[in-house]
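Some notes on the model follow, as numbered points.

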Amino acid sequence: MKSPVHRCRDVEHGRGQGGAGTNCLQAEQRIPISKDVITSSSASAMWFIRDACGIICAVITWLLVFYAEFVVLFVMLLPSKNLTYSIVNGTLFNTLAFLALASHLRAMCTDPGAVPKGNATKEYIESLQLKPGQVVYKCPKCCSIKPDRAHHCSVCKRCIRKMDHHCPWVNNCVGENNQKYFVLFTMYIALISLHALVMVVFHFLNCFEDDWTKCSSFSPPATVILLILLCFEGLLFLIFTSVMFGTQVHSICTDETGIERLKGETGKWGKVPCWEAMQMAFGGPFSLSWCSPFAGLSCKKSSREHVTVPQGDIIEEDVIEIPLE
């Protein structure tokens, strides 16, 4: 069976049959398939990508946060003579760091919107009860029926709904189900980076006016080295995560993922307004739950986990048309 690109080329060169133009039009104007129809897996199920590079990057992320914790607590706050300053800044920094790591864990261990593998069978397509003339596509790599706006990730080895990109720092794709947690992760990392930089500046100013031996329990050279490294880490991650945060919010507001923008796949679906898209991404009307990585966390498993996909042989065609009655 010819792909839509081949059909269009046949029409352009006048080699197609009389119905080729109709087939090409159907392929471009196919009826969208609901994600609930295509997906039988649950977003609440445990998800983890066994990728060596991603695991190393995720471990490095946690180690860098722990390093910042160590310097902030043991170099700047605990030796401080101002108890109120230490308590307020220590509580604020640790709270933001905890939320950052919790958001990272949720972004890493949440199914980003993976389409079940191997469901491109005749029996399964018949069970979808699609309309006559509708066109669906099969991913040749994971042999799954691709919903609209789904793309294949070579690292996750799955088709991901509304895939924005694969991020090695969270060892996962950023997609429909975990974009909120990725946004929160970048926001909290940017906040603790900014907070750490402000505290380093104040610490340097206080130490220049006082004896360096009284500013820290470490020797002056060790203190300076630790603070400079924290300054470099904070500045680097403040810039990086701020840019990523802005990019993700822009993608949500424009209802256009990063991969769709790179491939020029704009205008092929009905876009929703910015505020509605934000509510869809963050799970409901605006509330404090938008800022919580624990919102929607439940130990109960969805009944959709137990939906069985009809078995059968994988179809060979990459484009499947439901015949007209």
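At what angle do the axes of α4 and α8 cross?

1. This is a predicted model. In it, the axes of α4 and α8 cross at roughly 135° and come within 10 Å. α4 is therefore oblique to α8. The crossing of the two helices, α4 and α8, is left-handed.

2. On the α4 side, the residues that meet α8 include Leu 64, Tyr 67, Phe 70, Val 71 and Met 76. Among their counterparts in α8 are Thr 223, Leu 227, Leu 230, Glu 233 and Phe 237. By class, the contact of α4 with α8 has 14 nonpolar residues, one polar and one charged.

3. The largest nonpolar core has 43 residues, and Met 76, Leu 230 and Phe 282 have the most contacts inside it. At least two residues of this core come from each of α4 (52-77), α5 (83-109), α7 (179-209), α8 (220-254) and α10 (274-282). α7 supplies the largest share, 13 residues.

4. Leaving aside residues up to four places away in sequence, Met 76 touches Val 71, Met 199, Val 200, His 203, Leu 227 and Leu 230.

5. Trp 290 is in the loop between α10 and β7 (319-321). Trp 290 counts as buried because its relative accessibility is 7%, under the 20% cut-off. With residues up to four places away in sequence not counted, Trp 290 touches Lys 180, Leu 184, Trp 275, Met 278, Gln 279, Phe 282, Gly 284 and Pro 285. One of these, Met 278, is 12 residues from Trp 290 along the chain, with 9.6 Å between the C-alpha atoms of the two.

Technical notes: Residues are numbered from 1 along each chain as its sequence is written. This is a predicted model: local features need pLDDT of at least 70, side-chain atom pairs count only at pLDDT 80 or more; totals for chains, interfaces and linings use all residues. Side-chain values use heavy atoms; hydrogens and water are left out. A nonpolar core is a set of buried Ala, Val, Leu, Ile, Met, Phe, Trp, Tyr and Cys residues joined through side-chain atoms within 4.5 Å. Buried means under 20% relative accessible area, exposed over 50%, partly exposed in between (1.4 Å probe, protein chains only). Helices (H or I, at least four residues) and strands (E, at least two) are DSSP runs, numbered from the N terminus. Contact means heavy atoms within 4.5 Å. Axes are lines fitted to C-alpha atoms, for helices over the stretch in contact, and angles run from 0 to 180 degrees between N-to-C directions. Angles under 35 degrees count as roughly parallel, over 145 as roughly antiparallel, 65 to 115 as roughly perpendicular and the rest as oblique. A crossing is left-handed if the near helix is turned anticlockwise from the far one by less than a right angle, and right-handed if clockwise. Ala, Val, Leu, Ile, Met, Phe, Trp, Tyr, Cys and Pro count as nonpolar, Asp, Glu, Lys and Arg as charged, and the others, Gly among them, as polar.
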